[in-house]
Amino acid sequence: MRKKRTIILLLSLLIMSVLMIGCGRKKLSDKSTYDRVKRSDTIVWGVKNDTKLFGLMNIDTRQVEGFDIDIAKALTKEILGSPDKAKFVEVTSKTRIPLLKNGNIDAIIATMTISDERKKQVDFSDIYFKAGQSLLVKKGSDIKSVEDLTGEKTVLAVKGSTSADNIRKAAPNTKVLELENYAEAFTALQSGQGDAMTTDNSILMGMAADNPNYVLTGGNFTNEPYGMAINKDQKSFQESLNKALEKIKSDGTYNAIYREWFDKNPE
């Protein structure tokens with residue numbers, strides 16, 4: 001019996017020791033990102049590799065290119081002195097927050113909408129892109145805004161998406177035809193099955209870039225801006241990003257990058 005009690009006591013002490021060590025050791029995400037960035041002289045950005053105009057892999061150069069990439073390089077130059085100190089890791093909508101939490105990346109710049117739900121897991125920079133839902137129409141269309149979507153018009157959207165819900169709220173009298181994916185929806189628009197297609201303006205911009213006979217119209221009718229995500233409570237790093245963003249906006253760098261990718265000035 002005494003031997004059994006001794007074993008139990010030893011096991012309890014061992015468990016307590018492990019817990020104490022664990023509590024005393026900071027997770028990587030709890031350490032100062034700003035200090036790590038300064039020490040490594042590198043900012044590791046999580047970016048999309050499959051989103052036209054924002055982050056897309058160039059199969060010839062094997063380099064990822066886009067608006068998000070150039071903004072990340074400009075911010076890195078402001079913080080560390082050279083755009084070459086920006087390093088890129090591919091993320092998806094599913095993997096980006098886990099990679100950030102695990103310390104694989106320092107920040108996310110990947111068409112990520114600022115939302116209250118996401119703020120429970122990460123902090124955001126100031127807005128760097130004014131994203132929102134918009135309309136894509138054929139050039140010469142009489143649709144200039146959501147107000148022109150009458151009961152005689154048909155809008156194409158992706159099945160089960162928030163875009164379909166939003167357009168029904170914004171234009172309750174219009175017909176909504178839902179397709180399986182963006183490719184099917186755009187094909188339907190080309191074939192005349194609908195008068196307009198709706199989803200995020202960033203996605204529609206990519207379609208318009210590949211298809212010059214189609215244009216975005218009416219601006220955004222929802223407000224879903226993009227921000228850069230960082231780990232919670234990293235105030236020094238957050239402030240450095242916001243300061244750098246303010247600088248590239250004030251000196252014209254931001255506008256130049258925007259024009260290069262979207263062929264117009266920011267709204």
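Let's start with charge: this protein has 10 salt bridges. A salt bridge here is a side-chain nitrogen of Lys or Arg within 4 Å of a carboxyl oxygen of Asp or Glu. Side chains of opposite charge can pair when their charged atoms come close.

Before the details, a word on the model. It is predicted, so local features need pLDDT of at least 70 and side-chain atom pairs count only at pLDDT 80 or more, while totals for chains, interfaces and linings use all residues. Residues are numbered from 1 along each chain as its sequence is written, and side-chain values use heavy atoms, with hydrogens and water left out.

How confident is the predictor? pLDDT is its confidence in each residue, from 0 to 100. The mean for the protein is 90. Of its residues, 89% reach 70 or more. Residues 16-26 are another matter: pLDDT stays under 50 there. For that stretch the model has 1 contact beyond four places in sequence, a contact being heavy atoms within 4.5 Å. Where pLDDT is low, the predicted coordinates should not be read in detail.

Now the overall picture. The protein has 9 helices and 13 strands. These are DSSP runs, numbered from the N terminus: helices are H or I with at least four residues, strands are E with at least two. There are 267 residues, and 44% count as buried. Buried means under 20% relative accessible area, exposed means over 50%, and partly exposed is in between, with a 1.4 Å probe and protein chains only. Take the contacts with a separation of 6 or more: residues 24 or more positions apart account for 67% of them.

Back to the salt bridges. D41 and K85 meet at 2.7 Å, N to O. D41 lies in the loop between α2 (33-40) and β1 (43-47), and K85 in the loop between α3 (67-80) and β5 (86-90), so this pair ties together parts that are 44 residues apart in sequence. Both ends are partly exposed: D41 has a relative accessible area of 31%, and K85 has 23%.

Next, K247 and E78. Their closest N and O atoms are 3.9 Å apart. K247 is in helix α8 (residues 235-250) and E78 in helix α3, so the bridge ties together parts 169 residues apart in sequence. K247 is partly exposed at 38%, and E78 is partly exposed at 34%. Salt bridges that share partners join E78, K247 and D251 into one network.

One more: K120 and E117 meet at 3.2 Å, N to O. Both K120 and E117 are exposed.

On to the rings. There are 16 aromatic pairs. Rings of Phe, Tyr and Trp (its six-membered ring) pair if their centres lie within 6.5 Å; planes under 30 degrees apart are stacked, over 60 edge-to-face, and the rest tilted.

F54 and F129 are edge-to-face, 5.0 Å centre to centre, with 90° between the planes. F54 sits in the loop between β2 (50-51) and β3 (55-58), F129 in strand β7 (residues 122-129), and they are 75 residues apart. Both are buried.

F129 also pairs with Y258. That pair is stacked, at 6.1 Å and 25°. Y258 is in helix α9 (residues 253-262), so the pair ties strand β7 to a part 129 residues away in sequence. Y258 is buried too, like F129.

Which residues do ring pairs link into a cluster? They are F54, F67, Y128, F129, Y226, Y254, Y258 and F262.

Technical notes: pLDDT is the predictor's confidence in each residue, from 0 to 100.
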